[in-house]
Amino acid sequence: MNRIAVRSVVGGLLGGRNCNRYISTAVAVRPLDGAEFLNRRNGDVLGFYWRRMMSTVPQSAETASLGEKEQKESQSSVSDDAKKGSDSVVVSNYWGIQRPKITREDGSEWPWNCFMPWETYKSDLSIDLSKHHVPKTFLDRVAYRTVKLLRIPTDVFFQRRYGCRAMMLETVAAVPGMVGGMLLHLRSLRKFQQSGGWIKALLEEAENERMHLMTMVELVKPVWYERLLVLAVQGVFFNAFFVLYVLSPKLAHRVVGYLEEEAIHSYTEYLKDIDSGKIENVPAPAIAIDYWRLPKDSTLKDVITVIRADEAHHRDVNHFASVSIKHLFHYHAFHWFFTILSLL
C-alpha cells in the first residue's frame, strides 16, 4: 500500500493536482471494528474496504448499489441451499470446481469415480480362446518354462479356489502394462521420440487389469493373509519384471503373453465350476455391469466370460509386442543408468 501511496503522490505532483485527494481515497480508511468484522458474512466488509483502498477515485453510488445487489443474491442463494435440506451435498475437486452431473443411459446418476461412462465398452467375445504361441526361439522357451514354473506354487496354494486365485493373479497382471508403459514413457522423454502408440496401449492394459481386480474384490472378500501375500508377491514381481524389461523387452512381453494364456485357462476352469454348481452363480456386481455394459440381470458367469475375453486380447497384444516393439529398444549402459536414475 505504501507503493500505491508513493505513486499517487508522485503522479499528483507531476500532474499539478492536489495530492491529498489521491492519498485520502487510496489509504485513508476507517479501521474495522472487531465485532463489526465478525458479524458481517462472506467477507463483504473486507472486500468493500479492499476495493476502496485499491481505487483512485471515490466510490460511486452505482458501485454501492451493485454491492448491495450482490449481497442480496448471495443471501438468496444461501437460503435456496438451506431449503434443499441436509441431503444436498456439494462435491468439489481439489481445484474447487464442482463435478458435472454424469448419468447413465437410463438417466440414473453415475456412481463411479474410478472410471467414466466413455471408458466403458462391450467385450469382444468372438476372440479365439484356444490360440497358443508355440515357443520357437530360445527366449520363447525360457518365457514358457518360467510361466509353467510359476504356476506350480499357485496351484498348490489356491487349488480350485478360483475366486481367490483370480484376485491374486489380477494384482500381478496389472503390473506389466504399467512397467512397460512407464519405461517407454521415460525413453520417449529422453530420446525425443514417439512410441508408436505403445505407451497408451500398455497403460490401458494395466487399467483394464485393475478393473478386473476391482470386480473380483466385490465377489471375493480377501482375508488378512491373502492381503499380506499380495504385498509380498507384488513387491517381488514388480522389481523382477522391471529388471527383465530393461534387459529384454522381447522376453518380458513373451512372459506376459504366456501368463495371459494361463489366465485364460484358469478362467475357463472357473466357468466349469460355475456350470457344475460347485461355485454359486451369484448376480454380477454393479461395477462390472457398468464397466462392461452388461445387462442388469447379468451373473457371475457373464462377468468371468468377459474377463476371459479381455485376457485373450492381452495375450495377443503382448505376443505381438514381443515381435514388433523390440526394435524400439537398444538399451546399453547409458540408457540403463538414466532409466534407473529417473525412478529414484
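A crossing of two helices is left-handed if the near helix is turned anticlockwise from the far one by less than a right angle, and right-handed if clockwise. In this predicted model, the crossing of helices H10 and H12 is left-handed. H10 spans residues 249-276 and H12 residues 300-324; their axes come within 8 Å and cross at roughly 160 degrees. Angles over 145 degrees count as roughly antiparallel, and H10 and H12 are therefore roughly antiparallel to each other. The contact of H10 with H12 comprises 14 nonpolar, eight polar and nine charged residues.

An unreviewed UniProt entry lists residues 167-186 and 228-247 under "transmembrane region". In the model, residues 167-186 are 100% helix and 0% strand, with the end C-alpha atoms 30 Å apart. Residues 228-247 are likewise 100% helix and 0% strand, and here the end C-alpha atoms lie 29 Å apart.

Aromatic pairs number ten in the structure. One of them joins Trp224 and Tyr225, whose ring centres are 5.9 Å apart and whose planes stand at 90 degrees, so the pair is edge-to-face. Trp224 has a relative accessibility of 65% and therefore counts as exposed, whereas Tyr225, at 38%, counts as partly exposed. The rings of Tyr291 and Trp292 also form an edge-to-face pair, because their planes are at 85 degrees; their centres are 4.9 Å apart. Both Tyr291 and Trp292 are buried. These two residues belong to one aromatic cluster together with Trp110, Trp112, Phe115 and Tyr121.

Terms used
Residues numbered from 1 in each chain as written. Predicted model: local features only at pLDDT ≥ 70, side-chain atom pairs only at ≥ 80, totals over all residues. Heavy atoms only, no water. UniProt positions renumbered as here; feature names shortened; annotations may be inferred. Helix = DSSP H or I, 4+ residues; strand = E, 2+ residues; numbered from the N terminus. Axes fitted to C-alpha atoms, helices over the stretch in contact; angles between N-to-C directions. Parallel < 35°, antiparallel > 145°, perpendicular 65-115°, else oblique. Nonpolar A, V, L, I, M, F, W, Y, C, P; charged D, E, K, R; others polar. Phe/Tyr/Trp six-rings, centres within 6.5 Å; stacked < 30°, edge-to-face > 60°. Buried < 20%, exposed > 50% of the residue type's maximum accessible area, 1.4 Å probe, protein only.
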